[in-house]
Amino acid sequence: MSLKVGDIITFERTFTIEDVELFTKVSGDQGSHHVMPDEKGRLVIQGLLTATLPTKIGGDHSVLARKMTFEFLRPVITNDTIHCEVKIEQFEEQGERTLIAASFICRNQNEKEVLKGDFSGIIKN
């Protein structure tokens with residue numbers, strides 16, 4: 001897929017307790033809110049686990065990230081479905097590489113913003 005400025009790419013994921021447990025094991029982020037369920041049996045998703053949505057989209061397009069900015073706006077809990085929308089802000093071919101910059105916003109199933117930010121990097125041609 002050839003990208004261009006203004007393109008919007010989306011991805012959606014529902015986070016599970018197993019996702020949190022696996023990420024806890026890999027990251028070592030064992031905050032009590034990530035390992036002790038609330039009264040409804042839910043866990044709070046690690047912020048960087050939520051941030052895997054825009055990085056997944058970057059990975060789909062072979063972006064080698066150089067800079068990433070995240071603003072965590074509200075908690076994400078297990079069984080939340082998060083929709084991530086990435087907008088290409090810069091796409092500039094420069095010989096053997098392409099510079100790319102994008103902004104993103106992630107919303108939960110209730111259309112509440114949970115994460116926003118941007119990233120930039122290169123794609124090797």
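Which residues have the most contacts inside the largest nonpolar core? They are Phe 15, Ile 82, Cys 84, Val 86, Phe 104 and Cys 106, in a core of 25 residues. This is a predicted model, in which local features need pLDDT of at least 70, side-chain atom pairs count only at pLDDT 80 or more, and totals for chains, interfaces and linings use all residues. Residues are numbered from 1 along each chain as its sequence is written, and side-chain values use heavy atoms, with hydrogens and water left out.

**Overall layout**
- The protein has four helices and five strands; helices (H or I, at least four residues) and strands (E, at least two) are DSSP runs, numbered from the N terminus.
- Along the sequence, the pattern reads β-α-α-α-α-β-β-β-β.
- The C-alpha trace spans about 55 × 30 × 20 Å along its principal axes.
- Of the 125 residues, 37% are buried, where buried means under 20% relative accessible area, exposed over 50%, and partly exposed in between (1.4 Å probe, protein chains only).

**The core**
- A nonpolar core is a set of buried Ala, Val, Leu, Ile, Met, Phe, Trp, Tyr and Cys residues joined through side-chain atoms within 4.5 Å.
- Beyond its neighbours within four places in sequence, Phe 15 is in contact (heavy atoms within 4.5 Å) with residues including Ile 45, Leu 49, Leu 53, Val 76 and Ile 82.

**Helix H1**
- In H1 (residues 17–27), the buried residues are Asp 19, Val 20, Phe 23 and Thr 24.
- These four lie on the same side of H1 because they cover an arc of only 130° around the axis, taking directions from the helix axis to the C-beta atoms.
- Strand E1 (8–14), helix H2 (32–35) and helix H3 (47–50) are what the buried residues of H1 pack against.
- On the face turned away from that buried side sit the exposed residues Glu 18, Lys 25 and Val 26.
- After H1 comes Gly 28, with a positive phi near 80°.

**The sheet**
- Five strands form an open sheet in the order E1-E3-E4-E5-E2, with antiparallel pairing; two strands pair if DSSP finds at least two bridges between them.
- E1 and E2 (64–72) are the edge strands, each pairing on one side only.
- Eight bridges join E2 and E5 in the antiparallel sense, and Thr 69 has Asp 118 of E5 as its bridge partner.
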